[in-house]
Amino acid sequence: MLAKIRFAVCVALASSACTYSYQPMSGLHRPFVVDMQQPNLADVRLEVVCVPGDLLSRSNASTLCNRLRTLFEQQGAIVATTLGEPVEFEDSLGPSDPANPVAERLDLRLELRAREEHRSFQPWSWLAFAFTFTLAPGTIESTFSQDIVLRDGTGFLLGRERMTGRIVEQYGAGAWAVSLAETRKRPKGDRKAQSIASQELSTDMYRRLSQTVFDARMRATVLREASAGVGR
Amino acid sequence: MIALLILLIAPADAFFGPFVGRNKEQQRNLDCERMTDDLAASRYPGRIKMPQSRVDDYDRTVVVCSERLLPKLRDAREAAILTNLNATITAIAGRTSPYHAELKGRTWLVESHDPHAAVGAKTSFALKNALMKSGLLVSDRTPSLAVGELGVITRLPPFEAYPAACYRYAKNGSLRDSDALVVLVTLDPRETVLHAGLCVDGTWTWLP
């Protein structure tokens with residue numbers, strides 16, 4: 001009886017062992033050039049709009065907006081953040097709000113939305129998980145997308161991008177053992193831990209957003225020049 | 001016993017996913033897209049096959065990955081521009097379309113000003129192809145400036161230099177009355193997008 005209880009406890013503990021893998025699929029790992037520590041956006045008035053929804057709760061959207069404010073302020077931008085659906089441009093050009101540093105002249109607006117595209121519980125893997133007493137991993141896989149829209153101060157669309165990634169969670173003693181064996185061969189940054197995966201995802205996203213916003217700034221500059229000096 | 005049998009007969013990927021044996025650098029060398037099986041079968045006929053039985057209620061998706069070429073041989077800016085070359089050039093060619101009717105019968109020239117000669121050559125060639133596909137007459141000829149003119153114009157800021165160069169191309173006769181010149185421009189070494197301008201009869205127009 002005691003042996004059966006011990007075995008049950010071991011299986012329960014083994015089933016909670018989890019490896020966590022992040023794979024950028026498209027957009028997130030595109031090459032970037034801007035140095036996030038440099039003033040790439042000096043004097044640019046930027047509004048960051050984080051729209052809560054499918055994958056982004058209100059509190060997560062608020063946290064995201066605050067982190068992006070820090071990211072872009074480090075690059076010299078004057079940043080205001082908005083939580084929720086963006087205000088129409090006609091309304092945003094109304095009486096200036098002293099609390100809004102970009103109310104008088106908005107250069108760029110960045111809109112962010114996140115959603116889950118796909119989630120799979122891999123039923124055959126869980127069946128094998130049960131039959132093999134967690135030696136075969138139970139797998140949960142999800143694909144997420146972050147949709148980015150960039151507009152200039154008049155609402156003109158400067159760019160649109162989708163960043164997609166995949167998270168694979170594997171439970172069980174087998175997955176944990178394989179990960180442990182690989183860990184011995186891999187550097188710390190290459191390991192499958194949730195903290196490392198979260199950090200990698202954040203790094204990819206911040207780099208990509210920095211590059212996308214800078215590119216949009218350059219497009220906006222050309223657009224202004226084209227409007228100002230038509231047919232020189 | 002059953003557990004061991006399952007472990008022996010099942011392929012490793014089915015249990016351990018696509019990450020075993022592949023480090024993160026190898027994973028990051030893939031560009032992947034998830035799509036429905038119908039779309040995948042239509043985009044990659046013969047390579048992705050639909051399952052024979054369609055009576056089940058499963059919604060199937062396919063993840064299609066392509067490996068990046070020459071991952072360590074290009075710098076970041078070059079890689080960013082060239083991996084997205086088709087979309088970029090198609091968009092730029094589209095920006096010239098409002099002028100096609102107005103400039104009917106002209107010979108289109110393409111010039112690319114890029115810090116990397118290889119990137120300039122590839123983007124220029126790609127845009128010429130795109131313009132030809134639009135039915136335009138395209139030439140490999142490029143206009144030129146005198147040494148003295150070049151010395152002055154290269155010292156000007158970009159938004160003054162390109163209109164000045166366009167004016168001089170028309171004045172010195174290297175850009176003829178029957179020509180239209182599209183110039184691909186990089187304004188800042190930190191950007192990974194290309195801008196374009198149109199030079200016709202000595203008049204420069206940005207194509208935003």
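This tour moves through the nonpolar cores and then the salt bridges of a predicted model.

**Stop 1: the largest core**

Select A:V48, A:L68, A:F72, A:L110, A:L209 and B:W206. These residues have the most contacts inside the largest nonpolar core, which has 59 residues. Now colour helix 6 of chain A, residues 194-228. Helix 6 gives the most to this core, with 13 residues. As a general point, nonpolar side chains in soluble globular proteins tend to be buried together.

**Stop 2: around A:F72**

Centre the view on A:F72. Which residues does A:F72 touch, leaving aside those up to four places away in sequence? They are A:L41, A:L46, A:V48, A:A77, A:V79, A:L110, A:L209, A:S210 and A:V213.

**Stop 3**

Next, select B:L85, B:V119, B:A126 and B:A130.

**Stop 4: salt bridges**

Over all chains, the structure holds 21 salt bridges. Three of them follow, one pair at a time.

*A:D107 and A:R105.* Show both side chains. The closest N and O atoms of this salt bridge are 2.7 Å apart. A:R105 is partly exposed, at 42%.

*A:R115 and A:D147.* Here the closest N and O atoms of the salt bridge are 3.1 Å apart. A:R115 sits in strand 4 of chain A (residues 108-120) and A:D147 in strand 5 of chain A (residues 138-152), so the pair ties together parts that are 32 residues apart in sequence. A:R115 is partly exposed, with a relative accessible area of 26%. A:D147 has 17% relative accessibility and counts as buried because the cut-off is under 20%.

*A:R208 and A:E161.* Go back to helix 6 of chain A and pick A:R208. Its side chain meets that of A:E161 in a salt bridge, at 2.8 Å from N to O. A:E161 lies in strand 6 of chain A (residues 157-171). This pair links distant parts of the chain, 47 residues apart. Both A:R208 and A:E161 are buried.

**Last stop: a network**

Finish by selecting A:E85, A:E111, A:R113 and A:R151. What joins these four residues? Salt bridges that share partners join them into one network.

Methods
Residues numbered from 1 in each chain as written. Chains lettered and ligands numbered in written order. Predicted model: local features only at pLDDT ≥ 70, side-chain atom pairs only at ≥ 80, totals over all residues. Heavy atoms only, no water. Core = buried A, V, L, I, M, F, W, Y, C linked by side-chain atoms within 4.5 Å. Buried < 20%, exposed > 50% of the residue type's maximum accessible area, 1.4 Å probe, protein only. Helix = DSSP H or I, 4+ residues; strand = E, 2+ residues; numbered from the N terminus. Contact = heavy atoms within 4.5 Å.
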